[in-house]
Amino acid sequence: MTNTEKHPTRRGFLDWLIGIGTSVTGLAMAVPALMYLWPAARTGGSDNVEVEGASDMAPGQSKTVQVGGKAVIVVRSHGGFEAYSAICTHLGCLVQWDGTKRQFLCPCHAAAFDAQGRVVSGPPPAPLPPYRVKEVAGKVYVSPT
Ligand code: FES
């Protein structure tokens, strides 16, 4: 047995340290990215969710809530509230509400859905699924249809 096998070299230790650091950094970046791209994989949470601060929302504004562990966008219109799944029907990215365009926009492949969740442009094969909205005693609740 040589001396270097008994005692690791400084170079070997630094290579090991850099490898560990690179692995930890890669994992720390990959986990949030995967959670953003595949939110439908997360489950759990309540199926009947109160939209906090809904009464303070102006027409055209939106809030995102978790219903049954899935992201749902609640939009206030002049006629009340509507809610749609925030999960794009193409590959599952999170869509965002654009109050100026009055559309749900998917950043992954530039898809657009109208205010009723119907596909306007892009590759999604289906509209955004709607959610049930109930207003009870000034509070707004969202649940699956
Ligand atoms: S994932 Fe939304 S358009 Fe592709």
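**Entry 1: salt bridges**

A salt bridge is a side-chain nitrogen of Lys or Arg within 4 Å of a carboxyl oxygen of Asp or Glu. I looked these up in a predicted model, where local features need pLDDT of at least 70, side-chain atom pairs count only at pLDDT 80 or more, and totals for chains, interfaces and linings use all residues. Residues are numbered from 1 along each chain as its sequence is written, and side-chain values use heavy atoms, with hydrogens and water left out.

By this rule I get 2 salt bridges. Side chains of opposite charge can pair when their charged atoms come close.

I looked up Asp15 and Arg11, whose side chains meet in a salt bridge at 3.8 Å, N to O. Both are in helix H2, 4 residues apart, so about one helical turn separates them. Helices here are DSSP runs (H or I, at least four residues), as are strands (E, at least two), and they are numbered from the N terminus.

I then checked accessibility, where buried means under 20% relative accessible area, exposed means over 50%, and partly exposed is in between (1.4 Å probe, protein chains only). Asp15 is partly exposed because its relative accessibility is 44%. Arg11 has 61% and therefore counts as exposed.

I also looked up the salt bridge of Asp114 with Arg118, where the closest N and O atoms are 2.8 Å apart. Asp114 is buried, at 16% relative accessible area. Arg118 is partly exposed, at 47%.

**Entry 2: a nonpolar patch**

Which residues make the nonpolar surface patch of about 710 Å²? I noted Phe13, Leu14, Trp16, Leu17, Ile18, Ile20 and Val24. Patches are made of residues with over 30% relative accessible area and no salt bridge; like charges are joined within 9 Å, and nonpolar side chains (Val, Leu, Ile, Met, Phe, Trp, Tyr) within 5 Å. The areas come from the Shrake-Rupley method with a 1.4 Å probe, and for residues only the protein chains shown count as cover.

Leu17 is partly exposed, with 41% relative accessibility.

Strands of a sheet pair through backbone hydrogen bonds, either parallel or antiparallel. For the count, two strands pair if DSSP finds at least two bridges between them.

I traced an open sheet of 6 strands in the order S1-S10-S9-S4-S3-S2, with antiparallel pairing. Its edge strands are S1 (49–50) and S2 (62–67), each of which pairs on one side only.

Strand S2 is joined to strand S3 (residues 70–77) by 6 bridges, and the two run antiparallel. Thr64 has Ile73 in S3 as its bridge partner. S3 also pairs with S4 in the antiparallel sense, over 6 bridges. Here Val75 has Glu82 in S4 as its bridge partner. S3 and S4 form a hairpin, with 2 residues between them.

Strand S4 (residues 80–85) has 5 of its 6 residues buried, so the rest of the structure largely encloses this strand. S4 pairs with strand S9 (residues 130–136) over 2 bridges, in the antiparallel sense. In S9, Pro130 is the bridge partner of Tyr84.

**Entry 3: the sheet of 4 strands**

I found an open sheet of 4 strands in the order S5-S6-S7-S8, with antiparallel pairing. S5 (96–98) and S8 (119–121) stand at the edges with a single partner strand each, so one side of each has no neighbour in the sheet. Direction ignored, neighbouring strands of this sheet are turned by 35° against each other on average.

Strand S6 (residues 103–106) and strand S7 (residues 111–113) run antiparallel and are joined by 3 bridges. Cys106 stands opposite Ala111 in S7. I checked Cys106 for accessibility as well: this residue is buried, at 5%.

**Entry 4: the disulfide**

How many disulfides does a search of the whole structure find? I noted 1 disulfide (a pair of cysteine sulfur atoms within 2.5 Å). Cys93 and Cys108 form this link, with their sulfur atoms 1.9 Å apart. The link is left-handed, with -100° about the S-S bond. Cys93 lies in the loop between S4 and S5, and Cys108 lies in the loop between S6 and S7, so the pair ties together parts that are 15 residues apart in sequence.

Cys108 is partly exposed, at 28%. I also looked up Cys88, which is buried with a relative accessible area of 5%.

Definitions and conventions
Axes are lines fitted to C-alpha atoms, for helices over the stretch in contact, and angles run from 0 to 180 degrees between N-to-C directions.
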